[in-house]
Amino acid sequence: MVLLSKPSSEQYTYVRNNMPTTFSSSIPLVDLSNPDAMSLIVKACEDFGFFKVINHGIPLEAMAQLESEAFKFFSLPQTEKDKAGPANPFGYGNKRIGLNGDVGWIEYLLLTTNQEHNFSLHGKDIDKFRCLLKDYKSAMRKMACEILDLMAEGLKIQPKNVFSKLVNDEESDCVFRVNHYPACPELAINSGENLIGFGEHTDPQIISILRSNNTSGFQISLRDGSWISVPPDHSSFFINVGDSLQVMTNGRFKSVRHRVLANGIDPRLSMIYFCGPPLSEKIAPLPSLMKGKESLYKEFTWFEYKSSTYGSRLADNRLGNYERIAAS
């Protein structure tokens with residue numbers, strides 16, 4: 001990888017395999033050991049709906065082990081992987097994203113977090129993968145609650161666990177997804193373009209926690225509609241504000257539109273923990289954040305909103321049906 005140019009403090013461009021990628025150096029960074037972490041998180045959620053987390057306490061070795069086992073799973077013959085599917089909704093899926101025609105250069109595992117997934121596969125490697133997944137999901141829930149408590153504290157909301165209690169609830173609808181974007185050098189070179197790994201969308205949940213290997217491809221959309229590439233960092237985590245948190249903060253925090261481009265040269269593996277509330281939970285702006293302001297959103301249950309997202313395409317404005325007035 002060669003540094004091509006650094007035109008400003010905001011962007012820099014690398015060339016790898018003759019394919020230039022421009023990264024942003026302005027991605028908000030939050031050190032969880034920093035006493036100012038809560039204020040930094042609030043600002044990042046207001047300005048970007050997205051931030052990078054370091055000093056998170058998750059051992060790099062644990063992340064590397066799970067990544068290694070995931071790559072082993074995705075390297076299995078297709079007939080073996082298919083035994084863990086189809087993803088309806090949980091299990092193994094390939095290329096087809098959702099129920100409405102969205103496709104990507106991707107294969108994935110979608111797993112519930114409230115019970116152990118029973119892979120229809122046998123052998124020591126899969127047993128180890130299952131065990132590592134269980135420990136990782138537990139660590140992600142703990143980190144999510146810490147970050148959500150810092151958000152509430154930064155917003156001066158009481159009780160402080162107003163967000164995290166929804167994730168800690170035994171009926172919470174959290175899910176865990178492992179995405180694999182296979183390499184295909186011939187197709188990438190012949191097309192001369194990046195492949196759509198996962199099309200643009202926002203996450204409907206409260207927040208999502210992303211970790212990936214050191215392969216580029218993840219992009220977020222800025223407020224002006226432009227796209228920037230997020231520098232890969234396998235030792236850190238990235239937090240996306242979801243639609244539900246946007247509603248609960250009455251639009252103060254904005255859910256981030258994002259996508260993944262898979263250039264086909266290098267395989268990309270990402271692991272995402274989606275923090276969803278219980279299905280019956282009513283989602284609406286918190287009264288303590290209103291301060292005489294009009295609510296921007298109609299109240300809905302997480303089940304209602306989740307169902308509507310399954311009935312929409314990735315790029316749709318999923319919150320449109322629940323807006324009372326146009327968000328500024």
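Colleague: Where does Lys-95 lie?
Modeller: Lys-95 lies in strand 6; strands (E, at least two residues) and helices (H or I, at least four) are DSSP runs numbered from the N terminus. The model is predicted, so to speak of local features requires pLDDT of at least 70 and side-chain atom pairs 80 or more, while totals for chains, interfaces and linings use all residues. Residues are numbered from 1 along each chain as its sequence is written, and side-chain values use heavy atoms, leaving out hydrogens and water.

Colleague: What is the phi of Lys-95?
Modeller: Phi of Lys-95 is near 70 degrees, which is a positive value in a residue other than glycine.

Colleague: Is Lys-95 buried, exposed or partly exposed?
Modeller: Lys-95 counts as partly exposed because its relative accessible area is 40%. Buried means under 20%, exposed over 50%, and partly exposed in between (1.4 Å probe, protein chains only).

Colleague: What about Lys-291, and where is that one?
Modeller: Lys-291 lies in the loop between strand 16 (282-283) and strand 17. Phi of Lys-291 is also positive, near 50 degrees. Lys-291 is classed as exposed because its relative accessible area is 74%.

Colleague: Strand 17 came up there. Which residue has its place in strand 17?
Modeller: Thr-301 has its place in strand 17, which covers residues 300-301. Thr-301 counts as buried because its relative accessibility is 19%.

Colleague: What is Thr-301 in contact with, beyond its sequence neighbours?
Modeller: With neighbours within four places in sequence set aside, Thr-301 is in contact (heavy atoms within 4.5 Å) with Leu-279, Ser-280, Glu-281 and Lys-282.

Colleague: What does Val-162 touch, I mean, what is it in contact with?
Modeller: Apart from neighbours within four places in sequence, Val-162 is in contact with Ala-152, Ile-157 and Leu-286. From C-alpha to C-alpha, Val-162 and Leu-148 are 8.4 Å apart in space, and they are 14 residues apart in sequence.

Colleague: On to strand 14. Is it mostly covered or mostly open?
Modeller: Strand 14, residues 258-262, is mostly covered, as four of its five residues are buried.

Colleague: How many bridges link strand 14 and strand 9?
Modeller: Strand 9 (residues 195-201) and strand 14 pair in the antiparallel sense over four bridges; pairing requires that DSSP finds at least two bridges. In this pair, Phe-198 stands opposite Val-260. Strand 11 (residues 218-221) also runs antiparallel to strand 14, joined by three bridges. There, Ile-220 stands opposite His-258.

Colleague: What volume does the largest pocket have?
Modeller: The largest pocket has a volume of about 900 Å³. Of the 42 residues that line it, the closest to its centre are Ile-97, Leu-110, Arg-177, Phe-198 and Tyr-310. On a 1 Å grid over the protein atoms alone, a pocket is an open set of points with protein on both sides within 12 Å along at least five of seven lines, a cavity is a set where a 1.4 Å probe fits but cannot get out, and lining residues have an atom within 4 Å of a point. Points are joined across faces, edges and corners, and a volume is the space filled by probe spheres set on them.

Colleague: Which elements supply that pocket's lining?
Modeller: Those that each supply at least two residues of the lining of the largest pocket include strand 7 (102-112), strand 8 (175-181), strand 9, strand 14 and helix 8 (302-310).

Colleague: How many cavities of 30 Å³ or more are there?
Modeller: The structure holds two cavities of 30 Å³ or more. Residues that line the largest cavity include Leu-210, Phe-218, Thr-215, Ser-216 and Arg-268. Thr-215, Ser-216 and Arg-268 are also among those that line the second largest cavity, together with Tyr-181 and Asp-266.
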